[in-house]
Amino acid sequence: MSGQIISLPRTGKEPAGCASKGQSSCGSSQGPGDMPADIWNKVKDHPCYSEEAHHYFARMHVAVAPACNIQCNYCNRKYDCSNESRPGVVSEKLTPEQALRKVMAVASKVPQLSVLGIAGPGDALANPHRTFRTFELVSKALPHLKLCLSTNGLALPDHVDTIADYNIDHVTITISAVDPEIGQHIYPWIFFDHRRWTGRDAARILHERQMEGLERLVAAGILVKVNSVLIPGLNDQHMIDINRLVKAKGAFLHNVMPLISDPAHGTHFGLTGQRGPTPIELAAVQEDLEGGAKLMRHCRQCRADAVGLLGEDQGADFSLDKIEADPVFDPQVREIYMSVVAQERADRHAAETAARQNAQEGRKPLLVAVATKGGGRINQHFGHAREFQLLEVDGRQVRFIGVRRADNYCKGGYGEEDSLAAIIKALEGVSVVLVARIGDCPRQTLAEAGITVIDDYAHEFIEASALAWWGRVNQAGGRASA
Ligand code: CLF
Ligand code: SF4
């Protein structure tokens, strides 16, 4: 079981690892000055709707919704919903009562928890009684939690009023096509109005229901995020149509997720060799979408039973057999955490503002990768990082542009050469990696690959450090190796 966490994961030195002897494009990532106060209040503690909030706040999913009313070619029912999760069976399906117990257990140990989401393993609204009963129980016990659900949209128009009644402020609709000609190659069938539909008709009905649901949610003042699964050769050229249409209909964010496809998952796409996009292809599509609906770039495609900060999963610590029969939530612990976060946010903002005052005129942007385990600080050892946050820095602006993943280098006290090769590949195009600490050996290997790793900004704020590094490099004559 995880221990109770009150401080941010930022202070205290990292344990020495192996070989260690020796702003944002997501429009929701900024502060209250960038959006109306009522919208800021809805997103400021939601790790998916605000890139900034994802440094401080956690979400959890409860797997209470096993059934689905459509078939996606990237999904196998044995696996998590690919809308919102990476493949891998959910460890346990829950009743609403079990879900409440699990949420209480997590809330009592993880004060960062701010959102309860229902995202499968099927479709939240194909299981409306289980979904809404869960929300009812949790909202009574823990009214401070934000409620969030994810759906393919087919049943959505039937439930908009209930969603509003339950104060569910955030709904994600997965929309991977807005043209039935394309949609029919993604969705082989849907079950609607007591019968099964296939082909173009299925895709048309799904599209109409998604649009109706989106419009009605927006009219009800509910924030809508649209997830689109990017399928090379099928909807990559179409993504701009999706982006522009959902923007016109009032979607708050658009999250383009790379298709995860593997024959081992038993999906139609996996078995027929449909590949997912490379990181470069994903970035190119995202670049094309600039100027349309705001993009979410910090999604981790989490499991339908994920628990914790985005990018980490404490789910295994909270299986039913590990949690107490009657967990108790202490609101005071949460209040202390919230005051720590408020101070951190203010300090981080001040540090970035100060760094900007020393900034030079923008020149060629450089890519900076950061090892962080939350709190908005550079606070992770290189060898422990399973992902790196990617920033584009031009001396005046720091733009969050995504996350690159690779297996961590340090395993059981030793460095893995294979992992290092994969990390170097994942860091393609990066000028510098900012870490809390790194050993001489991996630092040297990365340097030989043209990637500088520095720990000079250990435990400092990310954006201010990236600006400071950029200034240092440019004062040193434009070298990216200061
Ligand atoms: Fe869950 Fe989705 Fe709500 Fe977030 S996840 S239901 S909006 S609380 Fe977030 Fe996970 Fe990406 Fe989803 S990182 S897969 S976007
Ligand atoms: Fe699978 Fe989700 Fe698609 Fe249903 S909506 S088929 S659970 S990916």
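This is a predicted model: local features need pLDDT of at least 70, side-chain atom pairs count only at pLDDT 80 or more; totals for chains, interfaces and linings use all residues.
Q: Which residue in strand 5 is the bridge partner of Leu149?
A: That's Val171.

Q: And what stands opposite Val171 in strand 8?
A: Val224 does. Strand 5 is joined to strand 8 (residues 223-230) by five bridges, and that pair runs parallel.

Q: Is strand 5 mostly covered or mostly open?
A: Mostly covered: five of its five residues, 170-174, are buried.

Q: Which way do they point from strand 5?
A: His170, Thr172 and Thr174 point one way, while Val171 and Ile173 point the other way, and all are buried.

Q: What does helix 4 make with strand 4 and strand 5?
A: A right-handed β-α-β unit, with helix 4 covering residues 160-165.

Q: Is Asn167 buried or exposed?
A: Exposed, because its relative accessible area is 59% and the cut-off for exposed is over 50%.

Q: Which way does it go for Gln301, buried or exposed?
A: Gln301 is buried, with a relative accessible area of 10%. Gln301 has a positive phi too, about 50 degrees, although it is not a glycine. You'll find Gln301 in the loop between strand 10 and strand 11 (307-309).

Q: Where is the cis peptide bond?
A: It joins Gly120 and Pro121, with omega at about 15 degrees. Pro121 lies in the loop between strand 3 (113-118) and helix 3.

Q: Speaking of helix 3, how does helix 2 cross it?
A: Helix 2 passes helix 3 in a right-handed crossing. The axes of helix 2 (residues 96-109) and helix 3 (residues 128-141) come within 9 Å and cross at roughly 40 degrees.

Q: Which residues make that contact?
A: On helix 2 they are Pro96, Glu97, Ala99, Leu100, Val103 and Met104. On helix 3 they are Arg130, Arg133, Thr134, Leu137, Val138 and Ala141.

Q: New topic, helix 7. Which of its residues are buried?
A: Met239, Ile242, Asn243 and Val246, in a helix that covers residues 239-248. Seen down the axis of helix 7, these buried residues fall within an arc of 95 degrees, so they line one face of the helix.

Q: Why would residues spaced like that point the same way?
A: An α-helix has 3.6 residues a turn, so residues three or four places apart point the same way.

Q: What covers the buried residues of helix 7?
A: The cover includes helix 6 (199-219), strand 8, strand 9 (253-258), helix 9 (279-288) and strand 10 (295-296). Just after helix 7, Gly250 takes a positive phi of about 105 degrees.

Q: And where is Asp236?
A: In the loop between strand 8 and helix 7. Asp236 is partly exposed, with a relative accessible area of 25%.

Q: What does Asp236 touch, not counting residues up to four places away in sequence?
A: Leu230, Ile231 and Val285. Asp236 and Leu282 are 46 residues apart in sequence but 8.9 Å apart in space, C-alpha to C-alpha.

Q: How many bridges do strand 6 and strand 7 pair over?
A: Four, in the antiparallel sense, with strand 6 being residues 189-192. Phe192 stands opposite Arg195 in strand 7.

Key
Residues are numbered from 1 along each chain as its sequence is written. Chains are lettered from A and ligands numbered from 1 in the order in which they are written. Side-chain values use heavy atoms; hydrogens and water are left out. Buried means under 20% relative accessible area, exposed over 50%, partly exposed in between (1.4 Å probe, protein chains only). Helices (H or I, at least four residues) and strands (E, at least two) are DSSP runs, numbered from the N terminus. Two strands pair if DSSP finds at least two bridges between them. A crossover is right-handed if, with the strands pointing away from the viewer, the path from the first strand over the helix to the second runs clockwise. The arc is that of the directions from the helix axis to the C-beta atoms. Contact means heavy atoms within 4.5 Å. Axes are lines fitted to C-alpha atoms, for helices over the stretch in contact, and angles run from 0 to 180 degrees between N-to-C directions. A crossing is left-handed if the near helix is turned anticlockwise from the far one by less than a right angle, and right-handed if clockwise.
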